[in-house]
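I am opening a notebook page on a structure that is new to me, and I want to write down what I looked up, step by step.

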Amino acid sequence: LAERSGRSLRALANEALRDFVRYENQVAASIERGVTDLDAGRTRTTDEVLAIAPAWLRLDERDAAEDE
């Protein structure tokens, strides 16, 4: 990869580590937001989500059609 990209192995390793740390921070922040929502009672049961999912899917399909 270093040869193909013309970049040093060190640069590639630093980029990979930076991306990994960024990803892990995003995961941790998402978990913290989820715990905050849970503590605040902002949750839905599986049945509630399944009941509103078709409306979300229709919105996604409509948005995709508008983008074409």
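The entries below follow that order, beginning with a note on the source.

**Entry 1, the source.** I note that this is a predicted model, in which local features need pLDDT of at least 70 and side-chain atom pairs count only at pLDDT 80 or more, while totals for chains, interfaces and linings use all residues. Residues are numbered from 1 along each chain as its sequence is written, and side-chain values use heavy atoms, with hydrogens and water left out.

I looked up the elements and found three helices and zero strands, where helices (H or I, at least four residues) and strands (E, at least two) are DSSP runs numbered from the N terminus. For the overall form I took the radius of gyration over C-alpha atoms, with a globule rule of 2.2 Å times the number of residues to the power 0.38; the chain has 20 Å, whereas a compact globule of 68 residues would be near 11 Å. The C-alpha trace spans about 50 × 40 × 15 Å along its principal axes.

I then asked what share of the 68 residues is buried. Buried residues make up 3%, with buried meaning under 20% relative accessible area, exposed over 50%, and partly exposed in between (1.4 Å probe, protein chains only). The accessible surface of the chain, from the Shrake-Rupley method with a 1.4 Å probe and, for residues, only the protein chains shown as cover, comes to about 6,200 Å², and 55% of that belongs to carbon and sulfur atoms.

**Entry 3, the helices.** Helix H2 covers residues 9–39, and its 31 residues reach 45 Å from the first C-alpha to the last, close to the 45 Å expected at 1.5 Å a residue; the expected span is 1.5 Å times one less than the number of residues. Phe20 has its place in H2 and is partly exposed at 48% relative accessibility. From the C-alpha of Phe20 to that of Asp37, 17 residues along the chain, I read a separation of 26 Å. After H2 comes Gly41, whose phi is positive, near 80°.

Helix H3 (residues 46–67) contains Pro54, which is partly exposed at 38% relative accessibility. Pro54 and Leu17 are 37 residues apart in sequence, and their C-alpha atoms are 39 Å apart in space.

How many salt bridges does the structure hold? I found three, taking a salt bridge as a side-chain nitrogen of Lys or Arg within 4 Å of a carboxyl oxygen of Asp or Glu.

- Arg7 and Glu15 meet at 2.5 Å, N to O; Arg7 is partly exposed with a relative accessible area of 36%, and Glu15 is partly exposed at 24%.
- Asp19 pairs with Arg22, their closest N and O atoms being 3.4 Å apart. About one helical turn separates Asp19 and Arg22, because they are three residues apart in helix H2. Asp19 is partly exposed at 35%, and Arg22 is partly exposed at 43%.
- Asp37 pairs with Arg42, with 2.7 Å between the closest N and O atoms; Asp37 is partly exposed at 29% relative accessibility, whereas Arg42 counts as exposed at 51%.
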